[in-house]
Amino acid sequence: MSDTVIDKASKPEFYLTEEHHPEGSTMLGFWLYLMSDCLIFAVLFATYAVLGRNYAAGPSPADLFDLPLVAINTSMLLLSSITYGFAMLQMERKEKSATLFWLAITGLFGLAFLGIELFEFGHLIHEGAGPTRSAFLSGFFTLVGTHGLHVTFGIVWLITLMVQVQLRGLIPENRRRLMCLSMFWHFLDVVWIGVFSFVYLMGVLG
């Protein structure tokens, strides 16, 4: 039994390989995940394009959507993307406190976005325009709700990383995780710009 014990001091490279994931494979795996998410949203956009004019004698987008409110909500998410960029700049400078500060601001903007979206959903349901009212509303709630779930997951991930950075600092593993979350967060911004333009703007003005 003693013959099979590996001495860590004599073979440090063995344990280095075992305990740490290569950065390239992590980033590649995350890009593959983002591409699968792109396919999901592409399907949801295509579904909405087919169902978006089927109102079942119910309200249309022009009757329901409050563009000024949606514009404010869009600004919340876009500002969160900017503040995350500031966090990444501070990460590169190895400023732990400043990184955590900008991550916290990003989380607050994300929570504001979710709060406004939940308010909009609640208002629509209160007005009798729930997801079962028409095919248009089913497509709308599914597309926008899926994006909202992604933002919720992003905020949970953000809080988890803030705790890890606070406890362990800006070690390479945390920096890699922050990079992955950065790609995910900016991806959600791009998707929302598509939602705002295709669903809200075209729905009200088209």
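Thr99 is buried, with a relative accessibility of 1%; buried means under 20% relative accessible area, exposed over 50%, and partly exposed in between, with a 1.4 Å probe and protein chains only. The residue belongs to helix 5 (residues 96-126). Helices (H or I, at least four residues) and strands (E, at least two) are DSSP runs, numbered from the N terminus.

This is a predicted model, in which local features need pLDDT of at least 70 and side-chain atom pairs count only at pLDDT 80 or more, while totals for chains, interfaces and linings use all residues. Residues are numbered from 1 along each chain as its sequence is written, and side-chain values use heavy atoms, with hydrogens and water left out.

**Around Thr99**

A polar atom of the Thr99 side chain lies 2.7 Å from the backbone oxygen of Glu95. Apart from residues up to four places away in sequence, Thr99 touches Ala87, Gln90, Met91, Leu170 and Leu178. Contact here means heavy atoms within 4.5 Å.

**The chain as a whole**

The chain has seven helices and zero strands, so its elements, read from the N terminus, run α-α-α-α-α-α-α. Of its 206 residues, 41% are buried. Among contacts between residues at least 6 apart in sequence, 79% join residues at least 24 apart. The accessible surface of the chain is about 11,300 Å², and carbon and sulfur atoms account for 69% of this surface. Accessible areas come from the Shrake-Rupley method with a 1.4 Å probe; for residues, only the protein chains shown count as cover.

Confidence is given as pLDDT, the predictor's confidence in each residue, from 0 to 100. The mean pLDDT of the chain is 89, with 88% of residues at 70 or more. Over residues 1-19 the pLDDT is below 50, and this stretch has four contacts in the model beyond near neighbours in sequence.

**The salt bridge**

Side chains of opposite charge can pair when their charged atoms come close. A search of the whole structure finds one salt bridge, defined as a side-chain nitrogen of Lys or Arg within 4 Å of a carboxyl oxygen of Asp or Glu. Arg175 forms this bridge with Glu92, and their closest N and O atoms are 3.7 Å apart. The pair links distant parts of the chain, with Arg175 in helix 7 (residues 172-205) and Glu92 in helix 4 (residues 67-92), 83 residues apart. Glu92 is partly exposed, at 48% relative accessible area.

Leu28, Trp31, Leu32 and Met35 form a nonpolar surface patch with about 450 Å² of accessible area together. Patches consist of residues with over 30% relative accessible area and no salt bridge; like charges are joined within 9 Å, and nonpolar side chains (Val, Leu, Ile, Met, Phe, Trp, Tyr) within 5 Å. Met35 lies in helix 2 (residues 23-51) and is partly exposed, with a relative accessible area of 46%.

Gly194 is found in helix 7 and is partly exposed, at 25% relative accessible area. Leaving aside neighbours within four places in sequence, Gly194 is in contact with Phe45 and Val199. Leu205 is also part of helix 7 and counts as exposed, at 63% relative accessibility. The table gives a C-alpha distance for each of these two residues.

| Pair | Separation in sequence | C-alpha to C-alpha distance |
|---|---|---|
| Gly194 and Phe45 | 149 residues | 8.9 Å |
| Leu205 and Pro61 | 144 residues | 9.1 Å |

Terms used:
A polar contact is a pair of N or O atoms within 3.5 Å; within protein, one must be able to donate a hydrogen and the other to accept it, and residues adjacent in sequence count only if both atoms are side-chain atoms.
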